[in-house]
Amino acid sequence: MRPKSTPTRTTRTTGTARTQHRVALVTAVAALAGAATLVPQQAQAGPGNPYERGPAPTEASVTAERGPFAVSQKAVPESADGRFNKGTVYYPTDTSQGTFGAVAISPGFVSPEAAVGWLGPRLASQGFVVMTLETNTPLDFPDQRADQLLGALDWLTTSSDVRERIDASRLAVAGHSMGGGASLRASEKRPTLQAAVPLTPWHTDKTWEKDPVPTLVVGAENDTVAPVAEHAEPFYSSLSAAPEKAYLELEGADHLAPVAPNVTVAKYAISWLKRYVDDDTRYEQFLCPPPRPSSTISEYRDTCPGS
């Protein structure tokens with residue numbers, strides 16, 4: 001476990017709220033979810049860390065729609081043991097660099113897999129095997145979704161067609177809304193996970209002192225479904241056992257900001273997963289010093305990895 005650093009905090013700024021059309025967002029994501037664009041170039045493995053995958057990152061590479069790895073995808077049928085429903089696996093086609101870390105992602109309450117579908121190919125193209133889930137029922141609560149996330153990771157590493165591409169010791173979870181709450185519960189239940197990224201998370205449990213997993217909590221300034229003062233902020237503050245943690249608040253955004261392609265969400269999710277799933281310190285430059293408030297970030301708190 002890495003030693004915990006002294007928390008740092010940037011100053012909060014007030015921005016003009018940007019109105020987002022909820023129906024249009026979900027419709028757009030549903031249209032985008034099935035596409036996994038192939039990227040032609042081959043990535044280069046770094047020599048300093050056996051888990052490094054891909055070339056040295058730049059601002060352009062972590063904000064690009066696709067990373068250096070070409071990606072394929074497979075539909076996943078309903079699991080035979082009922083631990084999770086169907087889903088989609090996105091994975092790098094290049095196996096020359098060895099195995100990859102894996103990430104399971106859950107959508108939120110009454111939301112389809114398509115609501116998190118954009119993250120599948122985006123993260124996979126950076127060097128991860130990613131599974132986006134259709135939950136057992138749209139009404140599943142966070143703890144049920146947590147069990148499904150863990151079931152999906154177990155299936156990926158033991159039974160899936162891509163299991164030989166995965167390093168079973170380097171796993172992570174993420175999710176939106178109740179799926180974000182699920183990622184917290186999954187981390188608490190399975191402390192060997194390497195990282196978690198809850199996106200505008202919702203949960204009735206506000207305290208996560210027993211969660212030891214490096215966690216990036218993403219909140220939205222104008223979230224009225226899971227207001228940050230009642231959800232994301234206390235979640236972050238309670239993560240006392242996490243060796244590293246960060247809280248990113250999206251400027252002027254609402255609860256559904258993470259269900260459409262979002263450059264800020266992608267940049268910091270990629271950097272967090274690379275840093276803690278792959279132990280890739282090349283990505284610390286995007287996390288520490290912490291980002292300052294801007295037109296996209298209203299607030300950022302962190303323990304500044306590596307300090």
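On a 1 Å grid over the protein atoms alone, a cavity is a set of points where a 1.4 Å probe fits but cannot get out, whereas a pocket is an open set with protein on both sides within 12 Å along at least five of seven lines, and lining residues have an atom within 4 Å of a point. Grid points are joined across faces, edges and corners, and a volume is the space filled by probe spheres set on the points. The model is predicted, so that local features need pLDDT of at least 70 and side-chain atom pairs count only at pLDDT 80 or more, while totals for chains, interfaces and linings use all residues. Residues are numbered from 1 along each chain as its sequence is written, and side-chain values use heavy atoms, with hydrogens and water left out.

By this rule there is 1 cavity of 30 Å³ or more. The residues lining the largest cavity are Val-103, Leu-119, Leu-123, Ala-174, Val-197, Leu-199, Ala-269 and Leu-273. Two or more of the lining residues come from each of helix H3 (119-124), strand E7 (195-199) and helix H7 (263-277), where helices (H or I, at least four residues) and strands (E, at least two) are DSSP runs numbered from the N terminus. Of the 12 residues that line the largest pocket, those closest to its centre are Phe-109, Val-110, Ser-177, Val-225 and His-255.

A nonpolar core is a set of buried Ala, Val, Leu, Ile, Met, Phe, Trp, Tyr and Cys residues joined through side-chain atoms within 4.5 Å, buried meaning under 20% relative accessible area, exposed over 50% and partly exposed in between (1.4 Å probe, protein chains only). The largest such core has 39 residues, and Ile-105, Val-197, Leu-216, Trp-272 and Leu-273 have the most contacts inside it. Its largest share, 9 residues, comes from H7. Apart from this core lies another of 26 residues, including Val-89 and Phe-100.

The whole structure holds 1 disulfide, a pair of cysteine sulfur atoms within 2.5 Å. Cys-288 and Cys-304 form this link with sulfur atoms 1.7 Å apart, and the link is right-handed, with 85° about the S-S bond. Cys-304 is buried, at a relative accessible area of 7%.
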